[in-house]
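Me: Can you walk me through this one? I'd like to go piece by piece.

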Amino acid sequence: MRSGLGARVFDVDGNEYVDLMCSYGPVVLGHRHPAVEAAVRAQAELADCQNGPGEAMVELAELLVSTVQHADWAMFAKNGTDATTTCCTIARAQTGRSRILVAKGAYHGAAPWCTPRLSGVTPADRANLGYYTFNDLESVTAAAREAGSDLAAIVVSPFKHDAGFDQELVDPAFARGLRELCTQAGAALILDDVRCGFRLHLGSSWEPIGVHPDLSAWSKAIANGHPLAAVLGSGAYRDAAASIFVTGSFWFAATAMAAAIATIGALRDEGAIEAMDRAGTTLRAGILEQAAARGIEITYTGPAAMPYLTFPGDRNYELGSTFAGAAIRAGLYLHPRHNWFISAAMTDADLAKALAATDEAFAAVQARQEGGIT
Ligand SMILES: Cc1ncc(COP(=O)(O)O)c(C=O)c1O
């Protein structure tokens, strides 16, 4: 890729695309958002990587604590994996216990404890994990029973967004059940908001359903593409968070923190969450209409701003790949095995171009289904 502007990206051959991947999540306001880039430039004029954190870290921590209901403090890192891993370490420091429950198939990062690929991973790396099924409270209860008095935490994503599968929104009763179980067990409820954070709600993604985690992991969208991650937590976990040792050479770099302050301000001032939802709703309606008009069966899942499209029975993503390939050739950048992301920069013209491309993509799928074209 060569560059991006708003909801468009450009490759090295000069092709232009409407961007439905948003760098796999970090770009939330659109590429090169003026206020964010101005804040980064202003901070860079002062300094970025220094002997200690800059003022921006304190300002950002205060902004996050006042924006996210369950947060009484903030810590910073660089990647989502740093944040989820740090949440687990804090939960273990707090409880003095080892076992962490995760949903089967959920992605929480690329460290040995959570990477989906087992090459190079030892059994010891996974020894303290237990597994449950998303939205199935009984499976959580069973896994918690097995962990017994060693249960340190339950990690959960705001909805089920495992790559390559249809998405599943959370059942609020499941979220409430997890909260209750953790409270009763004295274990931490960790919300992995790395992918959804600040895309669905200006706060933790479970605030609309009234469920507050003890700890939450953030990255991707919080600085509109600048490298930053955060761990937020409730007051009860503050001492444990302060007791652990975590750091990185670039974790306190100030430009990404300045970007995050500007990003959160713009999300709020520009009504970005609503804009993403609106654009996503228009895209969904258009895509459903196109598929129906051609008699093509599709499954379109997830929140409007983070959708995913599959073709029932499409085992090797053959139709999905045909769809994505044709869409990309028609100027719409999307992925057949990963949910899409809609930025707040999406204009009516972007949506029109996107829907023109999906119509061509459905034509290619139809041709393939009819056996005419590969
Ligand atoms: C839900 C979730 N958690 C954690 C991560 C890991 O984040 P990172 O790739 O920044 O380490 C991701 C990345 O896609 C994610 O989607």
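**Notes on the fold**

Reply: A254 counts as buried, because its relative accessibility is 1% and the cut-off for buried is under 20%. Keep in mind that this is a predicted model.

Me: Which helix does A254 lie in?

Reply: A254 lies in helix α8, which covers residues 254-269.

Me: And what does A254 touch, leaving out residues up to four places away in sequence?

Reply: A254 touches Q43, A47, D48, Q50 and A56.

Me: OK, sheets. What is the strand order in the open sheet of 7 strands?

Reply: The order is β4-β10-β9-β8-β7-β5-β6, and the pairing is mixed. β4 (73-77) and β6 (129-132) are the edge strands; each has a single partner strand, so one side of each has no neighbour in the sheet.

Me: How many degrees does the twist average from one strand to the next?

Reply: The twist averages 20° from one strand to the next.

Me: In what sense do β5 and β6 pair, parallel or antiparallel?

Reply: Strand β5 (residues 99-103) and β6 pair in the parallel sense, over 4 bridges. In that pairing V102 stands opposite Y131 in β6.

Me: Which strands does helix α3 lie across?

Reply: Helix α3 (residues 80-95) lies across β4, β5, β7 (151-156), β8 (188-192), β9 (215-218) and β10 (229-233). Helix α3 runs at about 165° to β9.

Me: Now the sheet of 4 strands. What order is that one in?

Reply: That open sheet has the order β1-β2-β3-β13, with mixed pairing. β1 (3-5) and β13 (332-333) stand at its edges with a single partner strand each, so one side of each is left without a neighbour in the sheet.

Me: What packs on it?

Reply: Helix α11 (residues 348-369) packs on the sheet and touches β2, β3 and β13. The direction of α11 makes about 100° with that of β3.

Me: How many bridges join β2 to β3?

Reply: There are 3 bridges between β2 (residues 8-10) and β3 (residues 16-19), and the two strands run antiparallel. F10 stands opposite E16 in β3.

Me: Switching to α10. What span does it reach, and what would be expected?

Reply: Helix α10 (residues 318-329) has 12 residues and reaches 16 Å from its first C-alpha to its last, close to the 16 Å expected at 1.5 Å a residue.

Me: Which residues of α10 are buried, and what do they pack against?

Reply: The buried ones are L319, G320, T322, F323, A324, G325, A326 and A327. They pack against β12 (308-310), β13 and α11.

Me: What follows α10?

Reply: G331 follows α10, and the phi of G331 is positive, near 95°.

Me: Last topic, rings. How many aromatic pairs does the count come to?

Reply: The count comes to 8 aromatic pairs. One of them is Y300 with W340, edge-to-face, at 6.2 Å centre to centre and 75° between the planes.

Me: Where do Y300 and W340 sit in the chain?

Reply: Y300 is in strand β11 (residues 299-301), and W340 is in the loop between β13 and α11. They are 40 residues apart, so to speak distant parts of the chain linked by the pair. Both Y300 and W340 are buried.

Me: Which residues do ring pairs link into a cluster?

Reply: Y132, F134 and F174.

Me: And which charged end sits over the ring of Y317?

Reply: That of R337, at 5.8 Å from the ring centre.

Definitions and conventions
Residues are numbered from 1 along each chain as its sequence is written. This is a predicted model: local features need pLDDT of at least 70, side-chain atom pairs count only at pLDDT 80 or more; totals for chains, interfaces and linings use all residues. Side-chain values use heavy atoms; hydrogens and water are left out. Two strands pair if DSSP finds at least two bridges between them. Contact means heavy atoms within 4.5 Å. Axes are lines fitted to C-alpha atoms, for helices over the stretch in contact, and angles run from 0 to 180 degrees between N-to-C directions. The expected span of a helix is 1.5 Å times one less than its number of residues. Buried means under 20% relative accessible area, exposed over 50%, partly exposed in between (1.4 Å probe, protein chains only). Rings of Phe, Tyr and Trp (its six-membered ring) pair if their centres lie within 6.5 Å; planes under 30 degrees apart count as stacked, over 60 as edge-to-face and the rest as tilted. A charge sits over a ring if NZ of Lys or CZ of Arg is within 6 Å of the ring centre and within 35 degrees of the ring normal.
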